[in-house]
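Let's take a walk through this protein together, one piece at a time. Keep the picture open while you read.

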There are 2 protein chains.
Amino acid sequence: MTHPLAVAVAGLGTVGAGVLTVLRDNAELIAARAGRPIVVTAVGARDRGRDRGVPVSGLRWYDDPVALARASGAEVFVELIGGSDGPARAAVQAAIEAGKHVVTANKALIAVHGAELAHMAEERGVTLAFEAAVAGGIPVIKALREGLAANRVRRVAGILNGTCNYILTAMTEHGREFGDVLADAQRLGYAEADPSFDIDGVDAAHKLAILCALAFGRPVEFDAVHVDGIRGVSALDITFARELGYRIKLLGIASQSERGIEARVHPCMVPAAASLARVDGVFNAVVIEGDFVGQVVLQGRGAGAGPTASAVVADLIDIARGRATPVWGAASGSLAAVPSLPMTAHSGAYYLRLMVVDRPGVIADVTAILRDHRISLESMLQRGRAPGEAVPVVLTTHDTGEGAMRAALEQVAGLDAVLESPTLIRIEPA
Amino acid sequence: MTHPLAVAVAGLGTVGAGVLTVLRDNAELIAARAGRPIVVTAVGARDRGRDRGVPVSGLRWYDDPVALARASGAEVFVELIGGSDGPARAAVQAAIEAGKHVVTANKALIAVHGAELAHMAEERGVTLAFEAAVAGGIPVIKALREGLAANRVRRVAGILNGTCNYILTAMTEHGREFGDVLADAQRLGYAEADPSFDIDGVDAAHKLAILCALAFGRPVEFDAVHVDGIRGVSALDITFARELGYRIKLLGIASQSERGIEARVHPCMVPAAASLARVDGVFNAVVIEGDFVGQVVLQGRGAGAGPTASAVVADLIDIARGRATPVWGAASGSLAAVPSLPMTAHSGAYYLRLMVVDRPGVIADVTAILRDHRISLESMLQRGRAPGEAVPVVLTTHDTGEGAMRAALEQVAGLDAVLESPTLIRIEPA
């Protein structure tokens with residue numbers, strides 16, 4: 001097993017250049033750990049002329065990623081193009097069909113087409129690895145699929161999008177509004193020019209879909225993830241959260257009960273003392289709860305050239321060593337057919353903020369509606385007095401069904417004295 | 001690969017019974033993840049009659065662990081006896097000689113004899129796995145050896161002993177003295193009747209020696225670890241730490257520089273905002289710093305039947321799947337011969353607490369000694385006034401060589417006005 005592992009890399013953006021850099025800078029150490037050298041033999045990207053900070057002139061170049069995936073010479077195809085469809089998907093399919101192992105950092109591809117691709121890889125007897133697709137440099141896929149494999153996992157929860165966490169952290173630290181902080185984040189390069197994939201929760205949902213499949217041993221199902229982003233979080237909610245002993249975080253949460261599997265991405269109120277409440281800025285973190293191990297927390301950089309390349313190369317080392325694991329932790333035949341639960345089946349505590357006209361009787365009307373839906377209040381806060389003007393009213397509930405909460409909210413929103421669309425944020429134990 | 005993996009388990013204490021329980025309760029799930037059932041076929045312990053909460057009557061029983069290790073029928077020998085020498089070592093050697101894979105939770109054995117045992121295992125082509133030996137249920141060995149294998153690791157630091165962390169946390173939260181809290185911990189079962197292995201830092205040093213070998217790719221060397229325990233930490237130091245913005249934690253720290261490798265276990269002042277400062281009670285945590293991934297933090301339960309069994313069974317699943325990794329991350333021939341540095345080569349910031357007679361000129365005498373050793377002060381605190389009586393004086397330094405610090409300390413301790421042996425606690429960046 002001392003012949004080098006030959007690798008083709010498609011996509012030479014930040015991460016692709018990072019992978020080439022890691023393989024070059026740590027070549028000797030990687031060869032020792034992999035049992036043989038790992039050598040990039042061919043590459044491809046759209047623009048051949050661009051300076052990427054790493055020399056690619058000695059490598060075979062392919063403009064077409066599908067041609068690169070099919071070309072003989074490499075045992076592994078590394079897909080760093082991105083996107084759930086188009087050239088990334090076509091190239092990965094071509095590589096598997098050609099009998100090559102595939103390593104990808106593409107969360108969208110795996111979340112949307114992972115079940116089908118895993119099936120293809122299993123049939124061809126090749127590896128489909130994607131450590132870099134979730135939480136960047138944190139080896140969370142290895143932890144879930146191998147390190148904690150003795151456990152029945154009950155719940156996985158995480159801060160899976162560094163852009164959202166950066167924005168929420170900055171809003172919390174400086175008391176600023178979402179739009180201002182987003183503009184800053186875009187200027188600093190922490191948010192894309194079109195930030196919707198991040199701030200609308202889609203990126204986190206891709207990652208959660210993958211974690212959910214691994215945690216509970218079933219094929220990935222992106223459409224089963226409920227997704228809300230952070231556009232609706234205001235500085236006022238962040239202030240109230242602090243007052244109530246919480247921090248607001250965008251979490252991805254997957255849990256299993258007798259009824260089925262819940263998977264959801266939305267802003268959460270998390271107790272200030274919880275591990276996830278204290279993960280700030282661009283960092284990611286994942287909490288895994290197993291029946292024997294209890295709670296394990298993993299934290300680190302979820303994006304960037306170095307951390308992502310670290311994960312890609314770890315997958316390459318596994319392949320070089322011949323360490324193989326079924327894509328979803330067990331062979332297709334052993335995967336569980338557990339039903340996915342809709343968000344309306346969720347039950348939990350809620351934070352509800354209303355802007356109401358400050359006049360007698362409004363609170364009575366609101367609380368009567370909640371009572372009629374059998375929603376039990378935990379606390380009520382009203383700040384400021386401005387007779388006849390709008391003031392914020394905050395209510396928190398005990399455990400309530402999402403269905404009842406939504407029905408009540410619709411009625412509350414219809415009250416004359418309720419001025420804006422109410423803000424609803426779910427409260428999570430941790 | 002569908003024949004069951006047959007396992008022999010030596011030692012049926014808390015962890016041994018835990019392993020049997022995990023393999024029984026999660027048998028189906030483990031078989032799916034391992035690709036085949038994992039079945040315990042033989043066991044051994046000192047007392048056959050004891051009730052362990054799991055049935056062992058159907059299993060072959062061996063009073064002698066070496067006989068169990070040699071007996072035909074099992075492919076894997078699980079050593080849960082404990083102790084660096086005696087029956088544990090003899091049985092592991094016998095199992096390797098008999099061509100069996102070995103899984104152990106025995107940190108003392110691996111720290112002291114791991115280099116020799118790894119060599120034997122490599123010669124026989126068998127696995128020697130010990131995920132459970134460090135940080136219990138946290139998959140830190142897998143993270144270091146596989147998940148972060150693309151990185152040159154610069155530093156590993158961790159809270160590696162739950163008993164010490166429980167004691168320091170209780171001292172911090174309740175302002176109590178070491179002896180009182182230790183007595184409570186013993187009553188609650190968090191500390192042994194003879195607690196010296198834990199509180200003198202030996203247990204943490206065993207674990208650090210293992211992490212150090214994995215992080216830097218060299219054979220394990222327990223004697224190279226500097227060890228101080230927590231007996232000398234007083235409630236007064238914890239109060240001063242808080243005032244200075246620190247928490248006191250017993251850390252194991254291994255780092256590599258051009259000069260060599262430093263490995264040390266001692267009480268540290270850690271900035272209150274650092275990840276490790278916020279890991280409280282019996283939890284363990286490890287921070288790994290890699291050149292590409294940056295800082296990764298792993299946190300979880302470091303002891304107990306469930307977490308430790310979770311790690312043991314993860315190793316068994318790796319063996320069942322045929323996933324193999326050289327014991328120290330690379331084959332013996334590729335391990336680095338990096339020198340170990342003595343503690344006197346250390347350089348860092350220091351906290352120094354003196355009990356001095358409250359009279360004019362004492363501080364001048366102390367600071368003159370520090371100046372003569374070219375030690376630069378960062379801060380000085382004197383609390384309380386009691387002319388002619390003992391008062392505490394706290395000094396913190398900028399980066400200083402350990403050699404200079406020790407020499408200065410000896411002179412300071414010799415001053416008439418200095419009443420007790422000075423307390424020295426190293427300040428760590430994180």
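## Where the two chains meet

Keep in mind that this is a predicted model. Start with the place where the chains touch: 46 residues of chain B are in contact with 46 residues of chain A. Which elements of chain B give two or more residues to that side? They are helix 2 (27-34), helix 6 (140-147), strand 12 (294-301) and helix 12 (305-321) of chain B. Helix 12 of chain B hands over the largest share, nine residues.

Strand 12 of chain A (residues 294-301) pairs with strand 12 of chain B in the antiparallel sense, over three bridges. To find the spot on screen, look for A:Val297, which stands opposite B:Gln299 in strand 12 of chain B.

## The domains of chain A

Now zoom in on chain A by itself. How is chain A divided? It splits into domain 1 (5-133), domain 2 (140-301) and domain 3 (346-427). Taken over C-alpha atoms, the centres of domain 1 and domain 2 of chain A are separated by 28 Å. Each of these two domains of chain A puts ten residues into the contact between them. On the domain 1 side of that contact in chain A, the residues divide into seven nonpolar, one polar and two charged.

## A six-stranded sheet

Next up is a sheet in chain A. Six strands make an open sheet here, in the order 3-2-1-4-5-6, and the pairing is parallel. Why do strand 3 (60-62) and strand 6 (128-129) of chain A each have one side without a neighbour in the sheet? Both stand at the edges with a single partner strand, so one side of each is left without a neighbour there. As for what holds such an arrangement, strands of a sheet pair through backbone hydrogen bonds, either parallel or antiparallel.

For one pair in detail, take strand 1 (residues 5-10) and strand 2 (residues 38-44) of chain A, which pair in the parallel sense over six bridges. Within this pair, A:Ala10 stands opposite A:Gly44 in strand 2 of chain A.

## Two helices crossing in chain B

Over in chain B, helix 7 (residues 162-174) and helix 8 (residues 178-188) pack at an angle of about 125 degrees, with their axes 9 Å apart. That angle makes helix 7 of chain B oblique to helix 8 of chain B, and their crossing is right-handed.

Who's doing the touching? From helix 7 of chain B come B:Thr163, B:Tyr166, B:Ile167, B:Ala170 and B:Met171, while helix 8 of chain B brings B:Phe178, B:Val181, B:Leu182 and B:Ala185.

## Another helix pair, back in chain A

Finally, look at helix 13 (residues 362-372) and helix 14 (residues 402-413) of chain A. Their axes come within 9 Å and cross at roughly 155 degrees. Angles over 145 degrees count as roughly antiparallel, so helix 13 of chain A is roughly antiparallel to helix 14 of chain A. This crossing of helix 13 and helix 14 of chain A is right-handed.

Here A:Val366, A:Ile369 and A:Leu370 in helix 13 of chain A meet A:Ala408, A:Gln411 and A:Val412 in helix 14 of chain A. The residues of this contact divide into five nonpolar, one polar and no charged.

Conventions:
Residues are numbered from 1 along each chain as its sequence is written. Chains are lettered from A and ligands numbered from 1 in the order in which they are written. This is a predicted model: local features need pLDDT of at least 70, side-chain atom pairs count only at pLDDT 80 or more; totals for chains, interfaces and linings use all residues. Two residues are in contact if their C-beta atoms, placed from the backbone, lie within 7 Å. Helices (H or I, at least four residues) and strands (E, at least two) are DSSP runs, numbered from the N terminus. Two strands pair if DSSP finds at least two bridges between them. Domain bounds come from an automatic or database domain assignment. Ala, Val, Leu, Ile, Met, Phe, Trp, Tyr, Cys and Pro count as nonpolar, Asp, Glu, Lys and Arg as charged, and the others, Gly among them, as polar. Axes are lines fitted to C-alpha atoms, for helices over the stretch in contact, and angles run from 0 to 180 degrees between N-to-C directions. Angles under 35 degrees count as roughly parallel, over 145 as roughly antiparallel, 65 to 115 as roughly perpendicular and the rest as oblique. A crossing is left-handed if the near helix is turned anticlockwise from the far one by less than a right angle, and right-handed if clockwise.
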